[in-house]
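Biologist: Please show me the model, and let me ask how its descriptions are reached.

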Amino acid sequence: MVIKSKKKKSEFSLLEEYKLCWNYIKDSKNFIYFIMAIFVFFILVGFFLPVPETLAEQIFKFIQELIDKTKDLSQIELIKFIFLNNIQSSFVGMLFGVVLGIFPIIGAIFNGYLIGFVAAYSVESGGFLVLLNLVPHGIFELPAIFLSLGLGLRLGMFVFEKNRFKKFSIYFLNSLRVFILIVLPLLIIAALIEGSLIFLQ
């Protein structure tokens, strides 16, 4: 009698991995929405509220340092710089969420406020239509940031679970899967678009 060997259940399936990603994102949607709400709120704060002079000076200094670092870069180097910068901030924001989700919240506040400040300054200099120029820069980058910070926030909630270490392992592995399969491609596309647009300006 011939016994047919069963197909291994552990066989890798990219489709299944993406299904797991989307399921985990659905399960984490409240954390992602919370990060988005903080982000949008601080965009409005940065856009509408007067900025203290010392804070404005620090932001302009930060922006000028970025400009100085990238002004002599080729298109490929610029894309690489943007990609590495975004992947670092996204991964750190997600990973350091383990500390009660504090770092993802700080990241949402900082990035939201910075965008609001830059948008207000841009409108003051060139009118509201200039905001349309900012849309291509964020169409892929912002979803990647929201996912990273939202999952980082959820990661930090493992301390409130009964089986803490088991939950941490589940949250971390799922977050890592989403980061590799979804966030990473979004950041690659974002860097290609943003780097090319900045280089061609």
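**Pocket and helix packing**

Modeller: The second largest pocket holds about 160 Å³ of space. The model is predicted, so local features need pLDDT of at least 70 and side-chain atom pairs pLDDT 80 or more, while totals for chains, interfaces and linings use all residues. Residues are numbered from 1 along each chain as its sequence is written, and side-chain values use heavy atoms, with hydrogens and water left out.

Biologist: What makes a set of points a pocket, and what is its volume?

Modeller: On a 1 Å grid over the protein atoms alone, a pocket is an open set with protein on both sides within 12 Å along at least five of seven lines; a cavity is a set of points where a 1.4 Å probe fits but cannot get out. Grid points are joined across faces, edges and corners, and the volume is the space filled by probe spheres set on the points.

Biologist: Which residues line the second largest pocket?

Modeller: Lining residues have an atom within 4 Å of a point. Here they are G46, F47, F48, L49, P50, V51, F60, F117, A120, Y121 and E124. Helix α5 gives the largest share, four residues, and α2 (29-48) and α5 each supply at least two.

Biologist: How does this lining divide by class?

Modeller: Into nine nonpolar, one polar and one charged. Ala, Val, Leu, Ile, Met, Phe, Trp, Tyr, Cys and Pro count as nonpolar, Asp, Glu, Lys and Arg as charged, and the others, Gly among them, as polar.

Biologist: How many helices and strands does the chain have?

Modeller: Eight helices and zero strands. Both are DSSP runs numbered from the N terminus: helices are H or I, at least four residues, and strands are E, at least two.

Biologist: Why are α3 and α5 called roughly perpendicular?

Modeller: The axes of α3 (residues 53-70) and α5 (residues 102-126) come within 12 Å and cross at roughly 90°. Angles of 65 to 115 degrees count as roughly perpendicular, under 35 as roughly parallel, over 145 as roughly antiparallel and the rest as oblique. The pair α3 and α5 is therefore roughly perpendicular. Their contact has 12 nonpolar, no polar and no charged residues.

Biologist: Why is α7 called roughly antiparallel to α8?

Modeller: The axes of α7 (residues 141-155) and α8 (residues 164-200) come within 8 Å and cross at roughly 165°. That makes α7 roughly antiparallel to α8. The contact of α7 with α8 divides into 15 nonpolar, two polar and three charged residues.

Methods: Axes fitted to C-alpha atoms, helices over the stretch in contact; angles between N-to-C directions.
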